[in-house]
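Here is a short briefing to read alongside the model. Take a look at the fold first, then follow the notes below.

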Amino acid sequence: MSHTAPDTPAPGPTPGRPDGRLLAVSDLHIGMPDNRPITESLRPTSDDDWLIVAGDVGELTKDIEWALRLLTDRFAKVIWAPGNHELWTPREEPRQLRGEQRYRHLVELCRGLGVVTPEDEYPVWRGAQGPVAVAPLFLLYDYTFRVPGTATKEESLARAHEAGIVCTDEYLLHPDPYPSRDAWCRARVRETERRLAAHDPSVPLVLVNHYPLVREPTDVLWHPEFAQWCGTELTADWHRRFNTAVMVYGHLHIPRTTWHDGIRFEEVSIGYPREWRRRGHPRGLLRQILPYPEDGKDKEDGA
Ligand SMILES: [Fe+2]
Ligand SMILES: [Fe+2]
């Protein structure tokens, strides 16, 4: 509401420079009833705020739709990259779509809601420091973050089975029509690399992926066997090769900020109730990606 006189220019953002923030969250896991109120509490601070959702909203299509609809009603733009949980084919899901078909179905759902997906043009967010393109990526993993001391995917997987640390993806995330999840990952990496290479290098990128583009963030996992479900070595130099402002990811359920070759990486997960009950939400629910907050450095807890 403006109370200025009719002939006085209304206060507000400079045209073309929204006064909003670029925010991010991931791993809402609303299949867990105690996580629903958290999602319901997510609100922008201005009408111009954008929200990145870096995967693991939930498992069932109706839950994913509920959450994304709620968020699109509140934020000026919502940008989604799929997590492994969205790609599962749960028994309770009415349409038993698998793999690529399931992903395409979710992309169509998002488009119906106006949510930006990895299949769309990268939207440009215009902040005071200049424009950045927000690029949601779908890259999956290829078991190259192997258990130390193992030389192949098979050896690494065997060690995980021995340790009893096996990701549920092995049973619910189907790669159809690809022969394996790693083959699907390699195809996604090839296609995504082509798109990023064609992007105007003068416009910095906010790269959004469910998994970190580098392996180092997985070094602090409680169970090192789990790292093989957390990314791919094929993207290890992408933050250097492409003009990257920030890399946003989730999946690890270890919310923090780290720096790799001078590039900021933000893990923005909420996580499971048993996790946030123990540690709280030390970085808040929504992470401010841009503008980079003045006190950001003080809150960072990893290197
Ligand atoms: Fe998750
Ligand atoms: Fe995940």
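Helices (H or I, at least four residues) and strands (E, at least two) are DSSP runs, numbered from the N terminus. This is a predicted model, in which local features need pLDDT of at least 70, side-chain atom pairs count only at pLDDT 80 or more, and totals for chains, interfaces and linings use all residues. Residues are numbered from 1 along each chain as its sequence is written, while chains are lettered from A and ligands numbered from 1 in the order in which they are written.

**Ile-52**
- Strand β2, which covers residues 50-53, is where you will find Ile-52.
- Ile-52 counts as buried because it has 29 C-beta neighbours inside 10 Å; the cut-offs are 20 or more other C-beta atoms within 10 Å for buried, 12 or fewer for exposed, and partly exposed in between, with C-beta atoms placed from the backbone.
- Apart from neighbours within four places in sequence, its contacts are Leu-23, Ala-24, Ile-79, Val-134, Val-208, Val-248 and Ile-289 (a contact means C-beta atoms, placed from the backbone, within 7 Å).
- Glu-294 lies 242 residues from Ile-52 along the chain, and their C-alpha atoms are separated by 20 Å.

**Thr-89**
- Thr-89 sits in the loop between β3 (77-80) and α3.
- With 18 C-beta neighbours inside 10 Å, Thr-89 counts as partly exposed.
- Thr-89 touches Gln-96, Leu-97, Arg-98, Arg-102, Leu-172 and His-174, if residues up to four places away in sequence are not counted.
- Leu-60 is 29 residues from Thr-89 in sequence, with a C-alpha to C-alpha separation of 8.4 Å.

**Helices α2 and α3**
- The axes of α2 (residues 61-74) and α3 (residues 99-113) come within 10 Å and cross at roughly 30°; axes are lines fitted to C-alpha atoms, for helices over the stretch in contact, and angles run from 0 to 180 degrees between N-to-C directions.
- α2 and α3 are therefore roughly parallel to each other (angles under 35 degrees count as such).
- Thr-61, Ile-64, Glu-65, Leu-68, Arg-69 and Thr-72 in α2 meet Leu-106, Leu-109, Cys-110 and Leu-113 in α3.

**Whole chain**
- The protein chain has nine helices and 10 strands.
- Of its 303 residues, 39% count as buried.
- Among contacts between residues at least 6 apart in sequence, 73% join residues at least 24 apart.
- The C-alpha atoms fill a box of roughly 75 × 45 × 40 Å, taken along the principal axes.

How values were computed. Parallel < 35°, antiparallel > 145°, perpendicular 65-115°, else oblique. Contact = placed C-beta atoms within 7 Å.
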